Structures are given as C-alpha cells and as structure tokens.
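Dear colleague,

Please find below the structure that I am handing over to you.

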Amino acid sequence: MSQNKYLANLKENVITNNPILVQILGICSTLAVTNLISNTLIMTVGVALVTAFSSWTLSLMNAWIPRKVRMIVQVLVISFYTIIVDIVLRAYAPEVSKNLGPYVGLIITNCIIMGRAEAFAQANRPVISFWDGLTSGFGYMIVLVGLAVFREVLAFGTLMNIPVLPLDFTAGGNNWTIMVMAPSAFFLVAIVIWVSKTLQMKKTGGNK
Amino acid sequence: MNKDSVLYTVLFSLGVTFLLVLPLSVANELTKDKVKENQQVASALSILQAMAIPADKNDAKSVIATFDALDKFRLEGDKLVTVTTSEVREAERLKRPYDPLYFRSKSGDLATWAGAFTGQGLWGNLVLAVGFDGLISKFTGVQVIAHVETPGLGARVAEPWFLNQFLGQQVPSSGALAFVNGSGAGDSDKENDTVDGVTGATITTKGFVATVNSAVAQMKQLTGGVQ
C-alpha cells in the first residue's frame, strides 16, 4: 500500500501532473538552460535536490511555522539549500560552477520548488514530501533534457558536445541559429505541451 | 504560546533565520580557502596553457610551482619591471586577474610571452590570457581567465573547440584577426587571418577578437623594446 503511494506520486509528477507540461512552472529556466545537454543535466539535478530537501525541511517544520510568515520561511529554506549547492560547486567542482555561472543562484527563483512546498509539503509527512520534491525534479529533468537534445543537435550538430551530424550541416551555415537562442524553447515547449495534452485527452476520453 | 501572536512570529522568524544562516556562514568559512585556491590555480593554469607550457590541472601544487617559475613583469612608463610573487598574489584577487602583468618563459634563446588583457563581453569584463612566441609572429594560445557571459551562448568562448583555434595561429601581418561564421567545429587553418565565431554570441565573439587584437598591438610594442 505504502509502496503504491510512492509509485503513484512518481507517475503524477512525471506524467499526469508534470511541472512543465501540466503545471507550466519553471518556464524561465526551460528557456535559458536548454541549449546544451550538459548544462541542462547539472541544472536539473540541482533543482531536483533543492526541491527534495526544501520540501523535506518545510514538512518537518510545518507545525511550528506561523501562517503569516509561511512564504518568507519557504524562501529562506530554499535559498539555504541553493547556496549550499553553490558553495559545494565552487569548492569542489569549480569548472561546473564556472560553466553555469549565475544560473545556480537562480535555482532559488524556480517556481517548482515553492509550488511543491505550498501544494504538497505543507500537508504531507517529511519522507513523502522529500520523494515528491525528487520526482517533481525528475519530471522537470525529463522534459528539459528532451528539449536540450533537440536544441543541441539542431543548433550545434552535437550531443553532449560529441558531433553527431555531418560537418556540412554546420559548416555550410545550415545549423539553426534560432535553436541556440532562448525563443526556440518557446516553440518546442509549446509543441511538447500540445502533443502531451492531446495524448492525455485521448486517454481520458475528453474531447475538448 | 499562540502561534499567530506577534511575539511568536518575530521570535520564530529570528530563530529560523539564525539556524539557517549559521551553517551557511560556517560552510562559507570552511570552503573559503579552497575556493580561493581553485581560483588561483585556474588563473595560473590559464596563463600556462596560453603559453603552451604543459601543466597537470589536477596537480595544484605543480601548476603553482610552474607558474611561479615564470618571469613576471609590469609596465612602468614604457619599461617592463620585474614584479614580486606577493604582487602577483595580490593581482590574483583583483576583479581583472593579472591584467597589468606580463609573463615570459625562456629556454635558451627561445622566449614565450603572455599577458592578461581585459576587454568587453556582452555582460561585462572578459579577461583573456594571450600567449605569443618570442617574435610575436604566432599565438601559442588564448585562454579565458574570467568572464560573465551567458551559459550556453557567450560562455562557449571558454570551450576548447573555440580556444584551440588560436594554438599556433599566425599573427596577421595587419595585426588584426577577424572572425567569420564558421562550421562550429573551429577554424583549423592556422595561416589565414580568421577564426570561427560562436553561433548566437556575436557580441561576445567580437569583444573576444577585439581583445586578442589589442593584445597583439600591446605585445608588439612591448617586446620590440625588450628583445
């Protein structure tokens, strides 16, 4: 029974209530970090961990948090974990930290984290809240990495910086510069949302 | 105590802030030296790589030792004067690391020169280490010491495929390299006067090439007086 609860939560956060596709949260980072897979992976792992630990902490503290300052406390806890990630990267993975630059600090502003704190961690036990944060991060990661695969191949002709398209794709200037830029993610996210909504409606038998 | 009372709210907020900020301060304090050392090694490594001097990036001690063995100068008027190690350590902490410094490595009659040059990227300063052979006829390499460009766009000027274009690249007789829209794999022709730009990062690439060109002009003037 309890195992089912975790599986159901995973399914919900990855498929039926995916943060990007259904909740439309965390769109800023979707536009910004998805033109190279390596940056996308690191960023999404960071978001997943910060979401999980923030939800866990907030769920633990829930009984003592006065409602008036609830959101301030949420932001404080989220910032705490984000700065921890930043400090760890700067000290032990300086190259990654250099590559991601300002984006690590911007994890704080990712709406998914506060969304889960408000919608889930407030009303649930710490362990399942941790799991919920992790699976939300995972749902976010799947969509972003998917976008990054398209964008990196079409923009640079590479996958994880390994060339996969013939050289004359990029040499002839045939690469899609739009894919390098943030606006392309708008189009791609829209297409992905369209497809996923259509599929889900077919499944539930909805017609509108 | 009533959870919604003003007193409880204030005390709770103070307490929770203290509890969260304390470990952060401790973590910052504990990693401060490590972060400083990382920056120092990264800057020193950029200079060494720009001069094509082999260095193992995982061996911090040997990087610093190799770096400390270089001759180091700064400009006073139009003369180069030797700087001390403590002045170099001071420069590492600046916003534009090493900017006023020049480096020379000499084996026999062959010298390699490098300097740190600051230019403008899209968002801010771009500090480059630019290395030359003794005659300033070829680049030995270009490395990025510091930048604040956009990850995935301008920040790609710090990637190997872009920087490798400068390994052994001939210094144009006109003194000015130009960048072109290229294959994305980098320009492997070392005799021409062009390098490939970064797609989607025209302004960063422009600033980068302008900085390299100003480095050429400065180094020609400088070493003309020394050798």
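The notes below describe the contact between the chains, then a helix pair, then a sheet. Please keep in mind that this is a predicted model.

Chains A and B touch each other, and the contact takes 34 residues from chain A and 28 residues from chain B. On the chain B side, 13 of these residues are nonpolar, 12 are polar and three are charged.

Within chain A, helix α3 (residues 37-61) packs with helix α7 (residues 126-156). Their axes are 8 Å apart and form an angle of about 165 degrees. Because angles over 145 degrees count as roughly antiparallel, α3(A) is roughly antiparallel to α7(A). The contact of these two helices has 17 nonpolar, 10 polar and two charged residues, and their crossing is right-handed.

Chain B contains an open sheet of six strands, in the order β2-β1-β3-β4-β5-β6, with antiparallel pairing. In general, strands of a sheet pair through backbone hydrogen bonds. At the edges of the chain B sheet are β2 (79-82) and β6 (139-146), each of which pairs on one side only. From one strand to the next, the twist averages 30 degrees.

Inside this sheet, strands β3 (residues 101-107) and β4 (residues 110-120) of chain B are joined by six bridges. B:Tyr102 has B:Gly115 in β4(B) as its bridge partner. Helix α1 (residues 6-50) of chain B lies across β3, β4, β5 (125-133) and β6 of that chain, and α1 runs at about 165 degrees to β6(B).

With kind regards

Methods. Residues numbered from 1 in each chain as written. Chains lettered and ligands numbered in written order. Predicted model: local features only at pLDDT ≥ 70, side-chain atom pairs only at ≥ 80, totals over all residues. Contact = placed C-beta atoms within 7 Å. Nonpolar A, V, L, I, M, F, W, Y, C, P; charged D, E, K, R; others polar. Axes fitted to C-alpha atoms, helices over the stretch in contact; angles between N-to-C directions. Helix = DSSP H or I, 4+ residues; strand = E, 2+ residues; numbered from the N terminus. Parallel < 35°, antiparallel > 145°, perpendicular 65-115°, else oblique. Left-handed = near helix turned anticlockwise from the far one by under 90°. Pairing = 2+ DSSP bridges.
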